[in-house]
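Dear colleague,

Please find the structure handed over below, together with my notes. I would be grateful if you could look through it before you set anything up.

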Amino acid sequence: MSTLFYISSIVAIASTIMVITRYHPVHALLYLAVSFLSVGMIFLSLGAPFVAALEIIVYAGAIIVLFIFVVMMLNLGQETAQQEKEWLKPKVWVVPSALVLVLLAEMLLLLFTGSQQVMQVSQVDPRKVALSLYGEYIIAVELIGFLLMAGIVGAAHIGKHRKPSLHRFLQNGDTEKEKAMPVREQEVISNEQTVLHD
Amino acid sequence: MTDSANMVLMVATVLFALGLVGVLTRKNVVFMLISVEVMLNAAGMAFIAAGSKWQQPDGQVMFLFILAMAAAEVSVGLALVLQIYHQHKTMDVEDLKELKD
């Protein structure tokens with residue numbers, strides 16, 4: 001387990017460093033896929049095979065595909081990479097990196113001052129996970145179902161293109177700019193007049 | 001020392017710090033969302049390490065919840081990115097200042 005864990009964690013850290021330093025979005029996404037795969041390998045070495053499979057299916061499958069769809073739809077390409085190169089000057093990232101490094105050093109100090117005993121890795125099989133998930137955590141499963149439903153509805157509503165409405169009643173007051181515009185004068189035709197004309 | 005749970009926590013902390021650096025330094029919305037994904041993944045790894053140390057399934061259950069939450073978050077976030085790009089024609093977060101006084 002040990003060598004597997006160390007190799008995959010080195011790969012995970014290296015590929016994550018590559019993710020946050022790339023200029024081109026597609027390169028960053030490819031390194032992100034490598035990072036997710038190696039994290040899945042870490043989970044396998046920690047005795048969690050079900051979660052390792054889910055990591056690869058959901059993260060490296062679904063979420064990466066979502067990102068790639070957005071990159072494709074927005075047509076982010078070479079000019080985005082050029083712009084990123086202009087934005088990521090050293091004076092931009094040095095100070096946040098130093099601050100986060102201080103926090104990281106504190107956390108590592110906290111981790112390595114306590115007692116350290118060797119961890120026995122034993123596999124927690126999916127059967128136990130499923131019994132726990134649908135036993136004591138059943139209310140949380142239902143709540144996460146609500147959350148996913150809200151996420152789907154929210155994404156569908158936010159991502160909808162708002163067409164300019166052609167009807168004059170809907171046009172009046174849809175946005176601020178249109179509110180400011182004078183509305184075309186409509187000649188009022190009442191029912192009595194039409195009856196008289198008839 | 002080699003096999004202690006602290007090593008796993010250390011790797012998770014380093015990944016979380018890398019994601020935090022990404023959120024703080026990037027100005028492109030897509031890269032910020034990617035860094036948030038890295039941070040969520042690192043938090044899930046800490047849960048897996050705890051569940052593996054105590055040999056309980058609860059850590060994996062919590063990782064499943066984090067997974068579902070990340071999926072919902074990334075779908076809403078990417079829809080927002082599409083809408084931002086259609087309305088402002090930019091990906092720079094510093095151009096989005098309608099809510100400023």
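The model is predicted, so to speak of conventions first: local features need pLDDT of at least 70 and side-chain atom pairs count only at pLDDT 80 or more, while totals for chains, interfaces and linings use all residues. Residues are numbered from 1 along each chain as its sequence is written, chains are lettered from A and ligands numbered from 1 in the order in which they are written, and side-chain values use heavy atoms, with hydrogens and water left out.

Between them, chain A and chain B bury about 6,800 Å² (accessible area, 1.4 Å probe, lost on being put together and summed over both), and 77% of that area is on carbon and sulfur atoms. The contact (heavy atoms within 4.5 Å) involves 79 residues from chain A and 68 residues from chain B. There is 1 salt bridge between the chains (a side-chain nitrogen of Lys or Arg within 4 Å of a carboxyl oxygen of Asp or Glu), in which the side chains of E84(A) and R26(B) meet at 2.6 Å, N to O. On the side of chain A that touches chain B, the largest share, 12 residues, comes from α3(A), and by class this side has 56 nonpolar, 17 polar and 6 charged residues (Ala, Val, Leu, Ile, Met, Phe, Trp, Tyr, Cys and Pro count as nonpolar, Asp, Glu, Lys and Arg as charged, and the others, Gly among them, as polar).

The largest cavity holds about 50 Å³, and its lining, which includes L46(A), V124(A), I48(B) and Q60(B), divides into 4 nonpolar, 5 polar and no charged residues. The second largest cavity holds about 40 Å³; among the residues that line this second cavity are T16(A), F36(A), L15(B) and N41(B), and α2(A) gives the largest share, 4 residues.

Finally, the second largest pocket (an open set with protein on both sides within 12 Å along at least five of seven lines) has about 330 Å³ of space. Of its 15 lining residues, I20(A), W93(A), S97(A), L18(B) and V21(B) lie nearest its centre, and the lining has 11 nonpolar, 3 polar and 1 charged residues.

With best wishes

Note on methods: On a 1 Å grid over the protein atoms alone, a cavity is a set of points where a 1.4 Å probe fits but cannot get out, and a pocket is an open set with protein on both sides within 12 Å along at least five of seven lines; lining residues have an atom within 4 Å of a point. Grid points are joined across faces, edges and corners, and a volume is the space filled by probe spheres set on the points. Buried area is the accessible area (1.4 Å probe) that two parts lose on being put together, summed over both. Helices (H or I, at least four residues) and strands (E, at least two) are DSSP runs, numbered from the N terminus.
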